[in-house]
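My notes follow in the order I made them.

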Amino acid sequence: EPRVFSGVQPTGNLHLGNYLGAITRFVSLQDEYPCVYCVVDMHAITVWQEPIELTNAIRSVAAAFIAAGIDPKKNIIFNQSQVHEHAELAWIFNCVARMGWLNRMTQFKEKAGKDRENASVGLFAYPNLMAADILAYRATHVPVGEDQKQHLELTRNIAQKFNYDFADRIAELGYGEEFFPITEPVIQGPATRVMSLRDGSKKMSKSDPSDYSRINLTDDRDQIAQKIRKAKTDPEPLPEEVKGLESRPEADNLVGIYAALANSTREAVLSDFRGAPFAKFKPALADLAVEVLAPVNAEMRRLLADPGQLDEILADGADRAAEIAAPVIDGAKDIVGFVSSR
Ligand code: AQP
């Protein structure tokens, strides 16, 4: 039975990469599948978060989900730490996943940097918690940006190893051949990897020290226009065909952003602009970005003005999420051989 799950970390300002690579994809899947979208606050604390900022960021991600068009009645929007099943399943997965698998995770290497001895244990085990998030709902499809591909591969490996290690028990208890599905990543659209506006070789990221590297969902019209005007480019005009974007990372990035904002493709954008110079393309991109983001921004502000209502939406979502996750985690505990108290 198909189900979509994905999460976003409440770790600072959401940016255009999060929006185009993930959140707009969440919206487009909601008519096709039952969807569960999570504010992954337990992931956030794998690196230090000021408590008050974390609280605000949690509500801000929930507001962004709703402002972007996710319907919290039709789907589930909730906060990871409110559904304890995630942590329980993550512990079981800590005991399924191998050190060698996690040692290969490039995100840990990037985030831990040179001072690995000082990284939190949570940052290292992060992908196991992510596997638990997904598999607690037996999710079959996970929309993410390109950067999460390796973690999803790990989720598949964990599901496979669990299904294999406990195969006899899974069959004996009547679950058939596999208890956890082998989840498919959904990495689609023209903006699966939005790059920094200052450096076409780095992804747009919340933690980049330069605010000019990214467009935040909270930026106003002037900030958006100024950041696009200052975005790094080469001196050539736009090519007429997609082939001409090869080895021009900054141009490719801006055209990809335009295509995603316009719900179009790189091909169509290039054919519309017919080799225009950046002096013409950038203002058009800025106008489009403002046109798309301004209503999202306004709706986020409106929602954030009533935190009590957002908290209610999250609490309701958590109740509905737990209804799905609880029997799955009970099943997993039974399979492992724990004695049930119920
Ligand atoms: N630049 C990006 N382009 C496309 N998709 C992106 N995503 C993140 N950056 C880009 C996708 O957004 C979703 C939520 O991401 P996250 O906040 O959970 O984690 P992250 O990837 O660690 O985000 P950041 O902004 O890059 O934060 P830092 O700076 O802390 O590393 C995911 O689906 C992700 O793929």
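Axes are lines fitted to C-alpha atoms, for helices over the stretch in contact, and angles run from 0 to 180 degrees between N-to-C directions. Helices (H or I, at least four residues) and strands (E, at least two) are DSSP runs, numbered from the N terminus.

I note what I am looking at. This is a predicted model, where local features need pLDDT of at least 70, side-chain atom pairs count only at pLDDT 80 or more, and totals for chains, interfaces and linings use all residues. Residues are numbered from 1 along each chain as its sequence is written.

**Entry: α1 and α3**

I looked up the angle first. α1 and α3 pack at about 60°, and their axes are 9 Å apart. The two helices are therefore oblique to each other. I had to check handedness: a crossing is left-handed if the near helix is turned anticlockwise from the far one by less than a right angle, and right-handed if clockwise. α1 passes α3 in a right-handed crossing.

Which residues meet here? From α1 I listed Tyr-19, Ile-23, Thr-24 and Val-27, and from α3 Ala-64, Phe-65 and Ala-68. Contact means that C-beta atoms, placed from the backbone, lie within 7 Å. I sorted the residues by class: six are nonpolar, one is polar and none is charged. For this, Ala, Val, Leu, Ile, Met, Phe, Trp, Tyr, Cys and Pro count as nonpolar, Asp, Glu, Lys and Arg as charged, and the others, Gly among them, as polar.

**Entry: the domains**

I then stepped back to the whole chain. It divides into domain 1 (4–192 + 307–336) and domain 2 (211–302). These bounds come from an automatic or database domain assignment. The domain centres, taken over C-alpha atoms, are 30 Å apart. Domain 1 gives 13 residues to the contact and domain 2 gives 14 residues.

My two helices turned up again. α1 (16–29) and α3 (51–68) each supply at least two residues of the side of domain 1 that touches domain 2. The largest share of that side, four residues, comes from α3. I classed that side of domain 1 as 10 nonpolar, three polar and no charged residues.

**Entry: α11 and α13**

Next I took α11 (residues 249–261) and α13 (residues 278–304). Their axes come within 10 Å and cross at roughly 40°. They are therefore oblique to each other. This crossing is left-handed. Leu-254, Ile-257, Tyr-258 and Leu-261 of α11 make the contact with Leu-285, Leu-288, Ala-289 and Val-292 of α13. I counted eight nonpolar, no polar and no charged residues.

**Entry: α4 and α7**

How far apart are the axes of α4 and α7? I found 8 Å, with an angle of about 125°. That makes α4 oblique to α7. Their crossing is right-handed. The contact includes His-86 and Phe-93 of α4 and Asp-133 of α7. By class I noted eight nonpolar, three polar and one charged residues.

Terms used:
Two residues are in contact if their C-beta atoms, placed from the backbone, lie within 7 Å. Angles under 35 degrees count as roughly parallel, over 145 as roughly antiparallel, 65 to 115 as roughly perpendicular and the rest as oblique.
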